[in-house]
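This report describes pairs of charged side chains and the surroundings of one further residue. Please keep the sequence and the structure in view while reading.

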Amino acid sequence: MPTKMFKYCSSLPKSSLASVSDLENKWNYMKSTYVKNYMDGSYLLFSPGIHKSVSEGQGWLLVMSASMKDKVVFDRAVNYYLRYRDPVSHIMYWRQTEQNGEIISLDDDKTSATDGDLDLAYGLFLGFDTWKEPRYEELARQSLNAIKKLMVHNTYRHFKLGNWALDDSDYGNAARTSDLMFGHIQLFQLVDKSFDWGSVLATSLKMSQQLFERNSMNTGLLPDFTRYVNNRWERPTGRVLETEKDPMYNWNACRNPMRFVAAFCNDGSDFNNLKAQMNTMHSWVKSFAASPGDIKAVYDLNGTPLESY
């Protein structure tokens with residue numbers, strides 16, 4: 001398998017931004033605080049309430065543990081993933097709930113959240129690249145096959161919201177901007193030549209660019225959700241899936257800076273427009289934030305904060 005795509009994820013950075021010991025200390029803190037054990041597996045805690053974990057968290061746990069070369073956590077995270085993976089489609093059920101002392105996926109939760117499966121496939125490929133265990137690659141390819149079969153729109157070529165969002169349904173033309181994982185798509189292109197990942201990458205870049213140019217040229221912010229309407233990716237006018245703040249920069253879109261910047265750790269030659277967007281966001285944040293604590297949880301795309309915390 002090609003390794004250049006994994007360079008920035010499977011090796012600790014050697015820049016002045018973070019020392020190896022600093023990263024390890026933060027990883028140990030995260031493990032002790034948020035990584036919980038259940039039977040032979042481990043999961044990333046979603047909530048102290050009954051809803052214990054979600055597939056997005058489990059995918060991220062695989063990515064982090066592979067990046068930190070923590071095989072104990074990685075193997076336990078794989079065990080947990082397999083416990084809540086559909087045996088036929090190979091999606092991971094999007095949420096797990098504690099009930100009578102057991103952690104289960106309720107029937108209504110036995111569908112996928114695309115961002116979770118994207119990280120799961122990516123994390124498994126990272127694990128294979130790090131430890132060369134064939135089982136990891138096999139699981140990664142099963143996950144990738146589920147993504148391309150069930151979560152890519154056959155015509156528009158975007159990542160749909162999940163396996164439940166059929167192409168011709170009311171949700172078929174909807175997308176989360178947090179699913180714009182350009183580095184993941186680059187990897188998928190390298191390891192899977194049987195699928196047109198190039199069109200998915202082109203659509204993802206076009207989505208980001210059109211939303212930026214029409215809504216946030218002064219901030220670089222994207223909405224949590226978007227719809228493909230009249231041959232363009234448009235900001236919605238109200239609730240798409242979760243709340244009335246779906247058109248805002250909220251708990252989904254807040255992942256975009258991390259996802260977008262990761263693309264430039266590899267070959268960023270395809271991403272000139274994306275770089276302009278990231279530069280805009282950087283300038284906007286620097287204009288008012290002296291520290292991360294100055295950044296609020298939710299923003300309108302014009303930069304108006306919508307929460308006080």
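Because Arg259 lies in helix α9 (residues 256-262) and Asp119 in helix α5, the pair ties together parts that are 140 residues apart in sequence. Helices (H or I, at least four residues) and strands (E, at least two) are DSSP runs, numbered from the N terminus.

A salt bridge is defined here as a side-chain nitrogen of Lys or Arg within 4 Å of a carboxyl oxygen of Asp or Glu. In general, side chains of opposite charge can pair when their charged atoms come close. By the stated rule, the count comes to 18 salt bridges.

## Basis of the model

The model is predicted: local features need pLDDT of at least 70, side-chain atom pairs count only at pLDDT 80 or more, and totals for chains, interfaces and linings use all residues. Residues are numbered from 1 along each chain as its sequence is written, and side-chain values use heavy atoms, with hydrogens and water left out.

## A network and a further pair

Which residues are linked with Lys71 in a network of salt bridges? The network consists of Lys71, Asp75 and Glu133. Within it, the closest N and O atoms of Glu133 and Lys71 are 2.8 Å apart. This pair links distant parts of the chain, since Glu133 is in the loop between α5 (114-131) and α6, while Lys71 is in helix α4 (residues 71-83), 62 residues apart. Glu133 is partly exposed, with a relative accessible area of 27%, and Lys71 is also partly exposed, at 26%.

Another salt bridge joins Asp179 and Arg176, whose closest N and O atoms are 3.2 Å apart. Asp179 is buried at 1% relative accessibility, and Arg176 is buried at 6%.

Asn173 is placed in the loop between α6 (134-150) and β6 (174-176). Is Asn173 buried or exposed? Its relative accessibility is 18%, so Asn173 counts as buried.

Contact means heavy atoms within 4.5 Å. Leaving aside neighbours within four places in sequence, Asn173 is in contact with Tyr156, His158, Thr226, Arg227, Tyr228, Val229 and Trp233.

Methods: Buried < 20%, exposed > 50% of the residue type's maximum accessible area, 1.4 Å probe, protein only.
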